[in-house]
There are 2 protein chains.
Amino acid sequence: MATQRADHQQNPTVDEIPDIVISRLPVYLRTLRLLDSQGAEVTSSQELGELLGISSAQIRKDLSHFGEFGKQGTGYNVAFLCRQLEKILKVDCVWPVVLVGAGYLGHALASYNGFLNRGFRIVGVFDNDPTKVGTQIGDIEVKPTSALPEAVDRTRCQIAVIAVPAHSAQAVAEELIEAGIRSILCYAPLTLNMPPDVRVEYIDPVISFQHMTYYLDKGCID
Amino acid sequence: MATQRADHQQNPTVDEIPDIVISRLPVYLRTLRLLDSQGAEVTSSQELGELLGISSAQIRKDLSHFGEFGKQGTGYNVAFLCRQLEKILKVDCVWPVVLVGAGYLGHALASYNGFLNRGFRIVGVFDNDPTKVGTQIGDIEVKPTSALPEAVDRTRCQIAVIAVPAHSAQAVAEELIEAGIRSILCYAPLTLNMPPDVRVEYIDPVISFQHMTYYLDKGCID
């Protein structure tokens, strides 16, 4: 199975594991690390399932794509499974991330202390607002987006976060791709038009809210 | 189809439309409103599909759950489809939302001007940090969480956002449920243990990052 892991690390494009399975692994890892921090040495697909609201069969099936991580009856070794998931997701290390947008959200992200211990460090913050360029967020100095290519190249950065208003997000995304970014986390409320080989994930709280309201009894203030 | 909509608004629990379909409607609405703002009067499932990277067949199938919104060949009336999706998602009005956590993220959310025109208004911000209670975020005064029940009751609020650290998120979530909240958007990096009738959506950028890195060639800084 080590070979298997090596294979899909070298050839993610030919990987046949469904993306929906991959999307659940970070959630499993987050919960396993919580259990680990609480001193748990062993867990089970049943316990994980109850903590996550997912069936234990689903969890076993998802993990089985990557090999045999637990013995029937004895459960999973928490620390070992954490390390394995970190290897599979390639977060057994720290990835550089560039952030574009130094508004309130950019400040929140650049100041968040929960990235580093989960594999990520914001190495640069960029904004074209002259009132923001040169200001400090923590120990990072905000730079104009013209400085992006050099920063991306120097840090060999592949991941960017877009925290700019919707009207400038597409242009920023194109600058990022031009600079060599391969994956974008977009907080701007729109769908970016990107080349097929660029991966984009979106975070828009209103999309979550509007999903919720469908299931609620209507209750508006105006 | 009006009846159909009325039905599942009254009985969301017996609604048989797959949740994955519901989850895509807000994304369709967001794109349709963009087209509307650009002056487009008519669109097609093909155009929407290209803008969203979804197949046109998928879009037609999703919308067909709610009735017939376009005529074969003539496409969709953008403004009409916007209004229909807003009715289906119940965002043809403004929902009150309470926010717990007045840190950087809470400030970013409470200051965000993109909620109101999409159906949501943050009506209260709560935090138990004595250095934050009494401070203003925009025109909202931060209050202690002891003031939650009164605020939730007064505004008949059903939706809350949790923007507190992971270690206090579960306790906050329980206070919110106790106060009458039915749906929670959780920014804390954990999975909440909630009653089955409470809907929780999660936003954790690291989950998105770790999903991305699986597909990237390993490139770490340390």
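1. Let's start with the layout of the chain. Chain A is divided into domain 1 (14–88) and domain 2 (95–208). Taken over C-alpha atoms, the centres of domain 1 of chain A and domain 2 of chain A are separated by 30 Å. Do keep in mind that this is a predicted model.

2. On to the pairing of the chains. Chain B superposes on chain A through a rotation of 180° with 0.0 Å of shift along its axis, at an RMSD of 0.0 Å. The two copies are thus related as by a two-fold rotation axis.

3. The contact surface fits that picture. In all, 75 residues of chain B are in contact with 75 residues of chain A. Of the interface residues of chain B, 100% are also interface residues in chain A, so the copies meet through the same surface.

4. Now for the area. Between chain B and chain A about 7,000 Å² is buried, and carbon and sulfur atoms give 63% of this. Phe209(B), Gln210(B) and Tyr214(B) supply 12% of the area that chain B buries against chain A, more than any other three residues.

5. The rule finds 6 salt bridges across the interface of chain B and chain A, along with 26 residue pairs in polar contact. Helix 9 (residues 205–213) of chain B, with 9 residues, gives the most to the side of chain B that touches chain A. Lys218(B) forms a salt bridge with Asp92(A), where the closest N and O atoms are 2.6 Å apart.

6. Leu34(A) lies in helix 2 (residues 19–37) and, at 42% relative accessibility, counts as partly exposed. Val78(A) is 44 residues away from Leu34(A) along the chain, and their C-alpha atoms are separated by 9.7 Å.

Definitions and conventions:
Residues numbered from 1 in each chain as written. Chains lettered and ligands numbered in written order. Predicted model: local features only at pLDDT ≥ 70, side-chain atom pairs only at ≥ 80, totals over all residues. Heavy atoms only, no water. Helix = DSSP H or I, 4+ residues; strand = E, 2+ residues; numbered from the N terminus. Buried < 20%, exposed > 50% of the residue type's maximum accessible area, 1.4 Å probe, protein only. Domains from an automatic or database assignment. Least-squares fit on C-alpha atoms with pLDDT ≥ 70 in both. Contact = heavy atoms within 4.5 Å. Buried area = accessible area lost by both parts, 1.4 Å probe. Salt bridge = Lys/Arg side-chain N within 4 Å of Asp/Glu carboxyl O. Polar contact = N/O pair within 3.5 Å; in protein donor to acceptor, adjacent residues only side chain to side chain.
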